[in-house]
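Please open the model in your viewer and keep the selection tool at hand.

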Amino acid sequence: MASLLGRFCRKLVVPGSANGSRMVSTTACDSEAVKSLNLYSAINQALHIALETDPRSYVFGEDVGFGGVFRCTTGLAERFGKNRVFNTPLCEQGIVGFGIGLAAMGNRAVVEIQFADYIYPAFDQIVNEAAKFRYRSGNQFNCGGLTIRAPYGAVGHGGHYHSQSPEAFFCHVPGIKVVIPRSPREAKGLLLSSIRDPNPVVFFEPKWLYRQAVEEVPEHDYMIPLSQAEIIRQGSDITLVGWGAQLTVMEQACLDAEKEGISCELIDLKTLLPWDKETVEASVKKTGRLLKLFISGVNLSGFFLIIGLTIRAPYGAVGHGGHYHSQSPEAFFCHVPGIKVVIPRSPREAKGLLLSSIRDPNSVVFFEPKWLYRQAVEEVPEHDYMIPLSEAEVIREDNDITLVGWGVQLTVMEQACLDVEKVSALYYFNSKIIDLKSQLPWDKETVEASVKKAGMLLILDAIKPIVNY
């Protein structure tokens, strides 16, 4: 396989393997005029092309005027002028907000967030404004010309404020696209596609590879399609799915597994939202197994610990709230180590779980289903009592399939089970329901024991993708 790939593919060289380098294949036609570039130089080349080919394009952010802290914008201001490439104040919310307005007027706004760790102040602008701009106007207006660049991941010395991988937060947001390249050639082609895409794009750049990843990159203007995964290694026993910098580690793992007789198929997702479901499904049907690697730091929990903080928030739709008052954002917080996420299903549960959350030594985000505020009525003990966090409860016992939910959706799930029993009585199909209560950390043992018994699992997610691309 290595010799075959060598004939048809350029090689991305990343220092770090036993023989001094790791190889992640990335295709490039032999007839192309190419130049050896590292990843930040490929980003820089893409930005030059974007500004040169479209006079409506602008690049701005903190320190981009002199080239940026990673030098990705070097030479842009000198060539295209300070009216099109300029510095901004240190205000991520303002930077992205200005980008939304600029894009809404028909321009191409390429925003740089200096470190992905600092994208959180702009979260509201990205999630509530950029992502919903087209939807809320009935497709009369949009900010599809917005691209947000952000270097992500650890480099070994950045600390917890310069090492985060926040892509998972944005993968729950309909209306935006999330893209992460694995190599210089991919970075250039995907960035140009992102800038020219008719939707807002959050483009995360693996800063660990800025200078370490070097490969031959076509010098001309080219684009790599978004939402098309690539199988970069064929296999038959298991499918591995990844993106960005982690693919160098995953390919080395594939080589190590091959020595033990395990054939791994490796897929670069490239676009995390919307992702290429067809390619992944076809691979999993072939191999029968799937492994996804996440690089978010689960060992950072100590940095996020604030003792005694409980955040209450009413969530969910009530039928008349509109898109700004009907969201179910719990999934965003389920990727944050160091906090707990709790959602009650009833008045009795709400009282006991809230008291437990307030007295818990960790920070807790407590979501309250506002649809049940007045509709849910039951007898509640008047005394002081607590319900343990992170302990799921089996609220309906049966054997055929395990249903896992939380909050308001459990009333729907119970009714669904009754309906299924009516129409499938002849087939003896019965459902077990588990109330997770705490989404983070969740009661893995209870769910696993039920799934082992039933053999099937269904998780109902309350988030509705209301925006089509």
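Begin with α2 and α8, whose crossing is right-handed (the near helix is turned clockwise from the far one by less than a right angle). This is a predicted model, in which local features need pLDDT of at least 70 and side-chain atom pairs count only at pLDDT 80 or more, while totals for chains, interfaces and linings use all residues. Residues are numbered from 1 along each chain as its sequence is written, and side-chain values use heavy atoms, with hydrogens and water left out.

Select residues 39–53 for α2 and 184–196 for α8: their axes, lines fitted to C-alpha atoms over the stretch in contact, lie 8 Å apart at an angle of about 30°. That makes α2 roughly parallel to α8, a term for angles under 35 degrees.

Next, show the side chains where the two helices have heavy atoms within 4.5 Å; on α2 these include L39, I43 and A50, and on α8 they include P184, L191 and R196. By class, this contact of α2 with α8 has 12 nonpolar, 2 polar and 2 charged residues.

Stay on α2 and colour it by accessibility: 12 of its 15 residues are buried, that is, under 20% relative accessible area with a 1.4 Å probe, protein chains only. Among them are Y40, N44 and H48.

Now move to α4 (residues 92–104) and α5 (residues 123–130), whose axes come within 8 Å and cross at roughly 25°. That makes α4 roughly parallel to α5. Their contact includes V96 and I100 of α4 and I126 and E129 of α5.

Methods:
Axes fitted to C-alpha atoms, helices over the stretch in contact; angles between N-to-C directions. Helix = DSSP H or I, 4+ residues; strand = E, 2+ residues; numbered from the N terminus. Parallel < 35°, antiparallel > 145°, perpendicular 65-115°, else oblique. Buried < 20%, exposed > 50% of the residue type's maximum accessible area, 1.4 Å probe, protein only. Nonpolar A, V, L, I, M, F, W, Y, C, P; charged D, E, K, R; others polar.
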